[in-house]
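Have the viewer open while you read.

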Amino acid sequence: MKKYRNKKTNGFTLFQLVALIVVLGLIATTAVQLVVILTPSTWENEVRKELELLKCSVIGCTEGDCGFIGDAGAIPTLLEHLLSDPGIYCNWQGPYLDVGYVDDPLDYLVDPWGNPYIWDPENLSITSTAGGNTDPITISLAGSVAELLGNSVQYQFTDENGVFLTPLEIEVYVNFGCGDILLDYDETVGFYGDGFPECGLEVSVINLVSEDTLYPPECPNPPCDPAPITCQWGGIEYDGSVALSGTLNDIVSLDIKVTGECTFTITSISVEWRGSSWCGTVPYLESFKMNDSYWNYLTDNNGIRATSGQELVLSSDIELAPGSGIEITELKFANQRYGDASPMMMEGTQFIIRWFSGLAPTQRVAFVTPGTPPSLANVRLISGTTQTFDNNCNVQFDIGNYGECCIEIVEMIIEWDTTCVIPYMTEVTIADQTYWYDSQCRAASGQYLVLEESIVICDTIVTVGLEGFNDNRGSLWGSNYFYDNCANSISGSININPNNNTTNEFYLIMPDGSVLNRDSLHSNMPDYSGAAVWVHVRPKGNGNQNTLNVNGSTYLLKNNKFYDFGSANMTVNLYNDNRDQWGYAMGQWYIGITATDACFDESTAGYWFGGHGGSGHGGYNHGGGPGSGFQFQNHFSCESGGGQSNTGHGGDHDGDQPVGGGYSPYDCPDDDGDGRITICHHDSDNPDITQTICIPVNYWDRHKAHGDECGECSDGDVFDCSNEPDRVSGSGACVDMRGQNFTVTLITVEGNEVPLTIDTGTLNGPDLKMYGTTITTSGSGASDVKFFIENAGGNSPVQIDRIGINWDQENAFMSELKIGGHEYWDYSDEAEVRLSSGGIIDLDARYFLDANRYIKLELKKFKDAATGSGSNVSMRGVNFDIRFYGITPDCEYDVEFTTPGDSDSDHTGDDHTGGDGGCCDGQVSRLRLRYNGSNSATIKVIQSQDLVTIYDGLVAAGDYFSFDGVRNGNAMGSRIRVYINGNFDTEIHTSCSQPIGPGTVWGNFTVESGESRNGGPLCPDD
């Protein structure tokens, strides 16, 4: 860009001249006193001259000079910025006032009365108070910023034949602010742009096709008079020779030549580079030499390396004589703009050098450096390396970077198929080093994992391990807490949750890891008296509703605070203060607490609080320092007393040195100084899906730029262990991960995602069936049934979520279910109502059955009454049909058997056969259904035991359709499943153990007629 600096004439201002006359008069005369009076009008004239100079330095006053705004592209914040570079503008080229002959350059900013000029950058005015003796003196630069920068430019260019040129042939730039601004194009007006000052900015034209001569407009911003032609200008041209040198090909040298009849006096240049990947790093220019050094970032740019396209004011002018050939000996590049830096390879880079020379036309030299730029990182799975090991609980595969640029991985998202077991992952290793680990809250499929350390992958192959797959999300409670330096004595009663209000949090943990929470406090919930290791509560009431005594003194609880109690010596009494005649809870819930050696915290932080110690939030916990008090290791926040985060910052890397490097952003501070902060991360595809995660503090700027927020998510963490535990305690079982399809997404430090697809081979599915022939009845009156099932026919485990049981014994109701000797259901869990035939049990915890293993099941205490005590019912000679429900519809299995011995009752004609004798016997073989939907739909019927489709067709609203079974005797088995347009609608019992005659309604379908294998047509429903 052409530079015309606003300079005062080297001499005295009018004000200084008058002062000088006074001094000379006093010295020269001894007899006659010369009295010169400096009138206010003299000072006012001086002020107006200086205001005009300040105005010109800001916006320029002569053709081709745009002052401060032309270079910086912005309005100065302070007048001082005209004299010294504050380091906040991209292209400061000052000083913009000639300070060569004054002792104090800041004199320009003070009026003759000694008062600073007042600069108003919003209204674009500069004011002198005039010493308060007269009205203030003000000069306006423009009516507004919009007016000042509201100038439009418009150009049309032709070739030598007068043909108008378009963007197919040329690019047109206006040099303003931080660099060249590319103009838009319209066929009717040519090249145009808005938002420029009206001062004469330089226009550059790049020929994209050939070396044709271009005929630019006579002046940059018409109307204006063209500059006189004083010389027959030629040009500065690339001579065809360019080379690279330096430690890493970081120095560019080339030859140029000068044509025409005139000498170019070069005052500044700009160097633009583009077209190379540079492996994700930005190059910066350190120096420019033509034998001698003409620009160096240390001496000529305040220690700041130049960016691409930045105009560089040379330390001295360069005279380029016509006909000369000249070598540019050094354009040197580095990888940092400030401070120490490393050499930057510049192979295969496109360059444009522009030469600015007063009234001479700006020259442009374009060239490409030799060599090939490095190829971008290309991380791929190494084919054939995927394997499983350690009982197939661990998955391992190799990845390689096939590009020349390195890649830095900081985060991962790992997804895997849902099978008959829901697996959770414990650890991620890369090159045999742990990068994510959490045994307390294992990772779920799709969870966002922040690596303990970033991993840089260059031209190497690394092995990635996804390890410790387990059917248990984690030992949610168990030993996940500890106590330290707590000696409080606590007693009293707290109103914890009147009316089951969702704002009143409550958790109670028993010594065996069992959990009671707010959702447990339903009408059927019995009182609990016994030991507890932790209580968390946000009370509802104040005053006489909460009477707590701490260390012998009354402690007032508040209903807007959260309270945590932890002790190995604590008993509680959880009770409802009003129960009806049947024992149902009708009133408010209270908890009485008696504890010694207890920790006690009060906070405003919500649940999962703990471990802040005696300073700050410690309350009555006088531990005396960070980390004292009781702590829960799967606490969300990585900012609380050293508790282990549930997002991957525990395990081997706890206690490592902070990774933040001392950086702590003001808007998300690292309070405990461990180099990690807690944030709410939004899913990139669906921002409404959030996860509370723990990240290294130096990743914060990138996450903030993507819309993440500091602190925990207000709407809960989708991967919170407390929201989806499989068990409340225990280590769980290894999950065989063969036959899984993985998507492993690597996330780079720049936020780019690299997805990899991994297939772990094949895995034969599970198959539940009877194990052996040992079926027994036992107990009082043969009221217990025992048998064995096995997972055979494959090598895949299965998780059982629910069990449906059908039997044909009259008036028999089951009280208890045991698996492997442990109780998984008891009728007292279901409002003290026993299970009737055809009922489905939701297990207290999913049961994991590994491949080729068997287990004993016990159906216990069949009674003749659904409620109350009842009498034992013999279950000898009874037909059973049991449905095991897995976690997905394709993992459901039926087992049928008949208990040994003679039945004590006639099974036909009882309440569970669906009608009189002969109406339904031996399972349903044919059905005719009416579709009750309002629109036509595709109906599919699947025989559940065999997963065989027995009907699939389009059915109009109100129409009938028929189908037959395909089992022995055309039977349908114990049940069928019906789908509408691919969505599950209903399950129909076809075992003849439930009413299924004409008129019965199942979901959107009504039975019109049917037949059974042994009993002929189905009888109407009574």
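1. Start at Tyr563, which counts as buried because its relative accessibility is 0% (buried means under 20% relative accessible area, exposed over 50%, partly exposed in between, with a 1.4 Å probe and protein chains only). Tyr555 comes out at 14%, so that residue counts as buried too. Keep in mind that this is a predicted model: local features need pLDDT of at least 70, side-chain atom pairs count only at pLDDT 80 or more, and totals for chains, interfaces and linings use all residues. Residues are numbered from 1 along each chain as its sequence is written, and side-chain values use heavy atoms, with hydrogens and water left out.

2. How many aromatic pairs does a search of the whole structure find? It turns up 33 (rings of Phe, Tyr and Trp, the last by its six-membered ring, pair if their centres lie within 6.5 Å; planes under 30 degrees apart count as stacked, over 60 as edge-to-face and the rest as tilted). One to look at is Phe469 with Phe742, an edge-to-face pair at 5.9 Å centre to centre and 65° between the planes. This pair links distant parts of the chain, 273 residues apart: Phe469 is in the loop between β26 (461–467) and β27 (481–482), and Phe742 is in strand β42 (residues 741–748). Both Phe469 and Phe742 are buried. Tyr555 and Tyr563 also make an edge-to-face pair, because their ring centres are 6.5 Å apart and their planes stand at 85°.

3. There's an aromatic cluster as well, formed by Tyr238, Trp273, Phe333, Phe351 and Phe367.

4. Now for charges over rings (NZ of Lys or CZ of Arg within 6 Å of the ring centre and within 35 degrees of the ring normal). Arg380 has its charged end over the ring of Tyr402, 3.8 Å from the centre. Arg354 does likewise with Tyr173, at 5.7 Å.

5. Overall, the chain has six helices and 62 strands (DSSP runs numbered from the N terminus: helices are H or I with at least four residues, strands E with at least two). Of its 1022 residues, 49% count as buried.

6. Last, a sheet. Three strands form an open, antiparallel one in the order β40-β39-β41 (two strands pair if DSSP finds at least two bridges between them). β40 (690–696) and β41 (709–710) each have a single partner strand, so one side of each is left without a neighbour in the sheet. Seven bridges join β39 (residues 676–682) to β40, and His681 stands opposite Gln691 in β40.
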